[in-house]
Amino acid sequence: MPDAALHRLPVSEPEALLRLIAAGGPAAPRRRLLEHHGAPGEALRAGAKAWREAGLDGRQIDALQAPDAALIAHACRWLEHPEHAVIGWHDPDYPPLLRSIASSPLALCMAGDPALSWRPVVAIVGSRAATAAGCEHAVEFATRLARAGFVVASGLASGIDAAAHRAALAVGDTTTVAVLGCGPDIAYPRVHRQLLTEVQARGCVISEHLPGTQARREFFPSRNRIIAGLSLGTLVVEAGERSGALITARQAAEAGREVFAVPGSIRNPLARGCHRLIRDGATLVETAQEVIEQLAPMAADHAVALRAMLNAPIPAGSDPSVPRVADQDRDYKRLWLALGHDPSPMDALVERSGLTAAELSSMLLVMELEGRVVVEHGRYSRR
């Protein structure tokens with residue numbers, strides 16, 4: 001790139017990341033570019049020679065040199081909202097489970113609470129043209145999983161997806177994540193505009209596409225890999241033999257995650273996909289408790305891994321009245337004493353414990369994953 005053009009590159013790191021997203025094409029070369037240069041701005045300022053060395057093709061290089069100004073401007077305006085964020089591959093807040101899959105997205109545009117992507121997630125997917133019984137099953141499983149502390153992920157599609165999202169929202173806030181095959185500000189299908197608004201306000205909406213990006217057929221298989229990658233396990237409730245839910249299940253299995261399937265009538269064509277999954281090795285489940293029991297050890301391992309990432313001490317001790325982590329760490333004990341059985345907002349916990357909000361956020365996440373803390377409507381209490 002000519003030196004005279006370098007001054008036109010963005011100074012803002014979020015805008016630089018938006019331009020890298022807008023370049024499109026294979027994500028791996030752009031991930032390498034971020035890994036090598038450490039930050040989006042540095043990656044852009046490296047110029048065309050470095051881009052080419054990282055593996056970007058000619059179309060991607062052209063897009064970086066001449067980005068779609070209107071698309072970038074729209075995305076920048078979207079980011080001005082305090083509950084909107086873009087998290088790149090280079091960012092320590094990038095979801096750790098998603099990072100571990102081979103086809104991790106370059107970045108995620110998120111509306112709502114991005115911390116939900118770090119919690120134990122179960123995907124519930126299935127047919128868009130679900131039967132009434134299939135939707136009832138989705139509601140039953142989503143309700144029980146959300147009450148057990150799992151985040152329910154799905155794709156905001158009609159049928160099983162929508163039933164799972166609505167059931168999780170009925171349990172409470174911070175219970176569901178919707179992964180979209182379009183921009184995070186686009187309702188697809190359009191009839192789910194209100195549902196999208198509710199998930200944004202009370203859960204989290206995630207997309208690898210920039211705001212304003214319309215849905216396209218080829219985006220949905222890619223969307224499914226994100227659902228599978230965020231989740232400890234994927235549950236297929238009802239699916240035909242050629243359902244997109246089977247793609248999600250296959251991607252979950254390829255990522256080493258658990259796959260569950262609900263059996264159905266041999267006369268129901270929407271049960272054939274589930275039966276095929278079971279024949280191929282998926283776990284047949286009839287109740288949410290079976291899913292919970294199989295994923296509980298993985299959720300515990302996930303909590304241990306996150307504790308290490310958050311530089312939190314490993315819990316020890318056995319006093320049943322106080323969390324084990326509090327027995328060994330003074331700050332955790334202060335937090336535990338600050339918590340009551342009545343829900344408390346973050347500012348009250350800051351005042352009682354003397355700890356900062358940033359310190360409390362990471363500690364509360366660990367304790368929530370351990371099942372010691374409940375969060376409802378932004379207020380925390382002992383479980």
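Here, buried means under 20% relative accessible area, exposed means over 50%, and partly exposed lies in between (1.4 Å probe, protein chains only). The model is predicted: local features need pLDDT of at least 70, side-chain atom pairs count only at pLDDT 80 or more, and totals for chains, interfaces and linings use all residues. Residues are numbered from 1 along each chain as its sequence is written, and side-chain values use heavy atoms, with hydrogens and water left out.

View 1. C76 is partly exposed, at 22% relative accessibility. C204, by contrast, is buried, with a relative accessible area of 0%. How many disulfides does the count come to? With a disulfide taken as a pair of cysteine sulfur atoms within 2.5 Å, the count is 0.

View 2. Rings of Phe, Tyr and Trp (its six-membered ring) pair if their centres lie within 6.5 Å; planes under 30 degrees apart count as stacked, over 60 as edge-to-face and the rest as tilted. By this rule there are 2 aromatic pairs. One of them joins W89 and Y94 edge-to-face, 5.5 Å centre to centre with 75 degrees between the planes. W89 is buried at 12% relative accessibility, and Y94 is buried at 1%.

**View 3. Y188 meets F220.** The ring centres of Y188 and F220 are 5.5 Å apart and their planes stand at 40 degrees, so this pair is tilted. Y188 lies in the loop between β5 (176–179) and α11 (193–202), while F220 belongs to helix α12 (residues 219–230), so the pair ties together parts that are 32 residues apart in sequence. Helices (H or I, at least four residues) and strands (E, at least two) are DSSP runs, numbered from the N terminus. Y188 is partly exposed at 42%, whereas F220 is buried at 13%.

**View 4. An open sheet of 3 strands.** The strands follow the order β10-β12-β11, with antiparallel pairing; two strands pair if DSSP finds at least two bridges between them. Which strands form the edges? They are β10 (344–345) and β11 (373–376), each pairing on one side only. Between β10 and β12 (residues 379–382) there are 2 bridges, and P345 stands opposite R379 in β12.
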